[in-house]
Amino acid sequence: MTSEVVPSEEELAVSGPDSFAVQIADQIESFTVAVTEVAKGDDPDSAIPYLLLQVSQLLLAGGRLGAYEDILPEERYEPDTGPDPDMDELRERLATLLAPVDVYSEVFDPYVPRSTPVPSRISDDLADIISNLRHGMAHYREGRISEALWWWQFSYLSNWGPTASASLRALQSLVAHVRLDTPLAELDGLDTDSGAEDGDLERQAGRVMEAEIATPLGLTSER
């Protein structure tokens, strides 16, 4: 099994539209634009399936970054990119759009024995992912290609990769519950601020009827 070799910054900058850096940047930009459009709420019926598709495609880019050998930036210290963009508006729009299925339970590290599930929010996940991606994009647009790739790779392994994987599982589960005609339990009391213990997340779950999920998601369990 061989690993891809990352070209130098100069090679990445001049190798044209098929270069690794350009492909990764295009996928990241496409994800950012798509999620921002979804958050506007103009087409709520297709929000969940569309987010499922977009997060899946982003994780393909992440997988490519993770499969590479370590990418090292050319500068010893990271150049200042200025203040990070405010994600609060996007976060709030997504939370409104995704209610009442925004909150889900997740295990941070599947290799930690007897890990306790904790509540998370898809809206928080997506906003945090975009914040990470935009930080690298700021380097990319300034021509610091290796710095951008280093940041995207590092933050994929340490932050946005696990976050995107968790939100992907939640989105996939939502679609599966509707398509397989297994309505979710009602999300009554499940909150990211609650100190959930073993079994609490299941007990807090109640019953969200299929009509409350299938209609907003644009899905149906009928054949």
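Me: Contact means heavy atoms within 4.5 Å. With that, what share of the contacts with a separation of 6 or more joins residues 24 or more positions apart?

Reply: In this predicted model, that share is 72%.

Me: How many helices and strands are there?

Reply: The protein has 8 helices and 2 strands. Along the sequence they run α-α-α-α-β-β-α-α-α-α.

Me: What percentage of the residues is buried?

Reply: Of 223 residues, 40% are counted as buried.

Me: How confident is the predictor, going by mean pLDDT?

Reply: The mean pLDDT is 79. A value of 70 or more is reached by 73% of the residues.

Me: On to the core. Which residues touch the most other members of the largest nonpolar core?

Reply: Phe31, Leu126 and Trp152 do, in a core of 46 residues. Two or more residues each come from α2 (20–39), α3 (47–67), α4 (88–98), α5 (122–141) and α6 (145–179).

Me: Which element gives the most?

Reply: That's α6, with 13 residues in this core.

Me: Stay with Phe31. What does Phe31 touch, leaving out residues up to four places away?

Reply: Gln54, Val55, Leu58, Leu126, Ile129, Ile130 and Leu133. Phe31 is also one of the buried residues of α2.

Me: Which other residues of α2 are buried?

Reply: Among them are Phe20, Ala21, Val22, Ile24, Ala25 and Ile28. Further along, the buried list includes Thr32, Ala34, Val35, Val38 and Ala39.

Me: Why would residues three or four places apart on an α-helix point the same way?

Reply: An α-helix has 3.6 residues a turn, so residues at that spacing point the same way.

Me: What span should α2 have, and what does the model give?

Reply: α2 has 20 residues, so at 1.5 Å a residue it should span 28 Å. Its end C-alpha atoms are 29 Å apart, which agrees.

Me: What comes just after α2?

Reply: Gly41, with a positive phi of about 80°.

Me: How many residues of α5 are buried?

Reply: 14 of the 20, so α5 is largely enclosed by the rest of the structure.

Me: Pick Ile130. Where does it lie, and is it buried or exposed?

Reply: Ile130 lies in helix α5. Ile130 has 0% relative accessibility, so it counts as buried, with the cut-off at under 20%.

Me: What does Ile130 touch, again skipping residues up to four places away?

Reply: Phe31, Thr32, Val35, Met87 and Leu90. Across the sequence, Ile130 and Trp160 are 30 residues apart. In space their C-alpha atoms are 8.5 Å apart.

Me: Switching to rings. How many aromatic pairs are there?

Reply: The count is 6 aromatic pairs. Tyr140 and Trp152 make a tilted one, 6.0 Å centre to centre with 35° between the planes.

Me: Which helices does that pair link?

Reply: Tyr140 is in α5 and Trp152 is in α6, 12 residues apart. Trp152 counts as buried because its relative accessibility is 0%.

Me: Which residues form an aromatic cluster?

Reply: Trp150, Trp151 and Phe154 form one.

Me: Last topic, prolines. Where is the cis peptide bond?

Reply: The cis bond joins Ala99 and Pro100, with omega about 10°. Pro100 sits in the loop between α4 and β1.

Me: And which loop holds Pro117?

Reply: The one between β1 (103–106) and β2 (118–121). Pro117 is at 24% relative accessibility, so it counts as partly exposed.

Me: How far apart are Pro117 and Val107, in sequence and in space?

Reply: Pro117 and Val107 are 10 residues apart in sequence. C-alpha to C-alpha, they are 4.7 Å apart.

Note on methods
Residues are numbered from 1 along each chain as its sequence is written. This is a predicted model: local features need pLDDT of at least 70, side-chain atom pairs count only at pLDDT 80 or more; totals for chains, interfaces and linings use all residues. Side-chain values use heavy atoms; hydrogens and water are left out. Helices (H or I, at least four residues) and strands (E, at least two) are DSSP runs, numbered from the N terminus. Buried means under 20% relative accessible area, exposed over 50%, partly exposed in between (1.4 Å probe, protein chains only). A nonpolar core is a set of buried Ala, Val, Leu, Ile, Met, Phe, Trp, Tyr and Cys residues joined through side-chain atoms within 4.5 Å. The expected span of a helix is 1.5 Å times one less than its number of residues. pLDDT is the predictor's confidence in each residue, from 0 to 100. Rings of Phe, Tyr and Trp (its six-membered ring) pair if their centres lie within 6.5 Å; planes under 30 degrees apart count as stacked, over 60 as edge-to-face and the rest as tilted.
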